[in-house]
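User: Please take a close look at how the ligands are held in this model. Cover the helix packing as well.

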Amino acid sequence: MKLAMIGAGYVGLTTGACLAELGHHVVVFDIARDRVAQLRRAALPIFEPGLDRLVHKTLSSGRLSFTDCIKQAIENVQAVFIAVGTPSLDDGDIDLSQIDAAAHLIAANLDPQTVIVIKSTVAVGTAGRVREIVAEKRGKADFFVASNPEFLREGSAISDFMRPDRIVLGYDDEQAGDVLDAIYAPLAGVAPVCRTSTADAELTKHTANAFLAMKICFANQVADLCEAVGGDVNAVMEAVGRDSRIGRSFLNPGPGYGGSCFPKDTRAFAHTGRSKNAPQSLIESVIATNVERPARLSRRILSQAGLMRGDAVALLGVAFKANTDDVRESPSMEIARELTKAGIRVHVHDPQAMPNARRVLGHEVDWFDNPMDALSGVDAAVVATEWDDYRRLDLRRAAECMCGRHLFDFRNLLDPAKARHAGLVYHSIGRATVNFKSDGAQRAVWSRGGVLPFPAAAGRP
Ligand code: UDX
Ligand code: UDX
């Protein structure tokens, strides 16, 4: 089939390349001419594992192409996907201006009987909004609008597309359903297909993300409880997650959820609840708790490591999660800001995300191309993103490089015993802080919500 994709971002580019891999001919349109020119050279504007190879392959096969001309993009296509940005407005509602712009752009050039497929995450009712915009511009409703939300996680987007848990096809006209079935026919049998109305498909996406965000937020609060009572959150979540009604995934505590989806989708879900008089108090609470977490952990770093203005901290990881270069609403970026505000010199390293982070933090922090240089001479270190580079960190070398002894592992990546043997005071999430006593004996002490009862709180061990 011949398909068009409006928007060559994290989702549009990945989805377009995957649809081409399924055998379709996909023309990806973007208003950013420089981005189109870059993509025509198979130079990717984003980091997504495997996408480079997939774009090269489908580009050279002729099944994938890029354009900044809308007519060229949507002539003779059976479906036009919209995957433009849908960021938050100040009140938490979704900014649909890019969706509206894309709808206006499509309307003037659409062939009759084409299906407009909304891929971006949008508020419930957006399909109807797009239908009105396009019908008004065309003076007739000789087209269809469908909703096909994506469930792609950055860092595993290609496998999430090729082996989805389910495919959600939202349509209000059988003809649109037939076209969607044909598009996803190559994935027949790979995953169950959920057929819904467009409104239910839109709600499904927001509900799924709101629930996943709530799961993460709950895991973070259980971690806080474990720290207060001397529990081990990893052991607790392993045992809790064995319940098939709960499931182990998305129960890993950390610095809080970030990215371009959970934060904005939870705000949009809560906004929809408020505006439709169906308050989402659970998700409102999730949002408030998550927003506060990076500042709370920053205070913990300052107090537990006994830091003072002018001290230095190495911040390992600024991407909102591993295997992406995306720093949008990354909790680690918030920790960098909080420490800087406290007069701390922050040394930043990240394997992929520093170019994006540098555009935001600039000279507020210092940038290092490798972790050991970032660790050199610092008073404390923080692992904030679960990159394998940090999982494999040579802790003995790290301890030798550092001036202080405190290592905060906010992703529970590292082995406490190895950290201890390297001579570090190892702080993690939801587990005991471990440290050598002056006589070399080892003991575990429990951080009480950020203030340690042992000498380290009064200065450096
Ligand atoms: C977007 C939405 O933000 C998200 O809600 C949804 O889940 C997936 O699609 P993302 O792909 O990360 O996420 O957006 P972004 O990386 O900002 O890319 C959007 C692209 O659309 C940009 O390249 C932009 O230039 C392009 N665009 C934007 C258009 O081509 N036309 C427009 O009118 C506006
Ligand atoms: C999410 C959804 O998973 C995906 O289905 C949707 O299409 C887009 O939004 P993404 O934001 O790319 O995907 O990453 P995800 O892996 O969901 O992680 C989101 C945030 O939650 C990250 O900051 C991550 O570090 C955090 N997280 C995730 C946790 O803190 N603990 C977990 O157990 C899982």
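Analyst: Start with ligand 1. One of its oxygen atoms is 2.7 Å from an N or O atom in the side chain of Glu 150. That is a polar contact, meaning a pair of N or O atoms within 3.5 Å; within protein, one must be able to donate a hydrogen and the other to accept it, and residues adjacent in sequence count only if both atoms are side-chain atoms. The protein buries 88% of the 690 Å² that ligand 1 exposes when taken alone (Shrake-Rupley accessible area, 1.4 Å probe; for residues, only the protein chains shown count as cover).

A word on the basis. This is a predicted model, in which local features need pLDDT of at least 70 and side-chain atom pairs count only at pLDDT 80 or more, while totals for chains, interfaces and linings use all residues. Residues are numbered from 1 along each chain as its sequence is written, chains are lettered from A and ligands numbered from 1 in the order in which they are written, and side-chain values use heavy atoms, with hydrogens and water left out.

Two further side chains reach ligand 1. An N or O atom of the Asp 30 side chain is 2.6 Å from a ligand oxygen. For the Thr 86 side chain, the distance is 2.6 Å.

Now ligand 2. Its shell has 18 residues, the closest being Glu 154, Lys 205, Asn 252, Gly 258 and Lys 321. By class, nine are nonpolar, three polar and six charged. Helix H9 (residues 198–229) gives the most, with three residues. A polar backbone atom of Glu 154 is 2.7 Å from a ligand 2 oxygen. The side chains of Lys 321, at 2.8 Å, and Arg 411, at 2.9 Å, also place an N or O atom by a ligand 2 oxygen. The protein covers 93% of the 650 Å² of accessible area that ligand 2 has on its own.

Last, the helix packing. In H11, Thr 266, Arg 267, Phe 269, Ala 270 and Arg 274 meet Ile 283, Glu 284 and Ile 287 of H12 (heavy atoms within 4.5 Å). This contact has four nonpolar, one polar and three charged residues.

Technical notes. Helix = DSSP H or I, 4+ residues; strand = E, 2+ residues; numbered from the N terminus. Nonpolar A, V, L, I, M, F, W, Y, C, P; charged D, E, K, R; others polar. Near = heavy atom within 4 Å.
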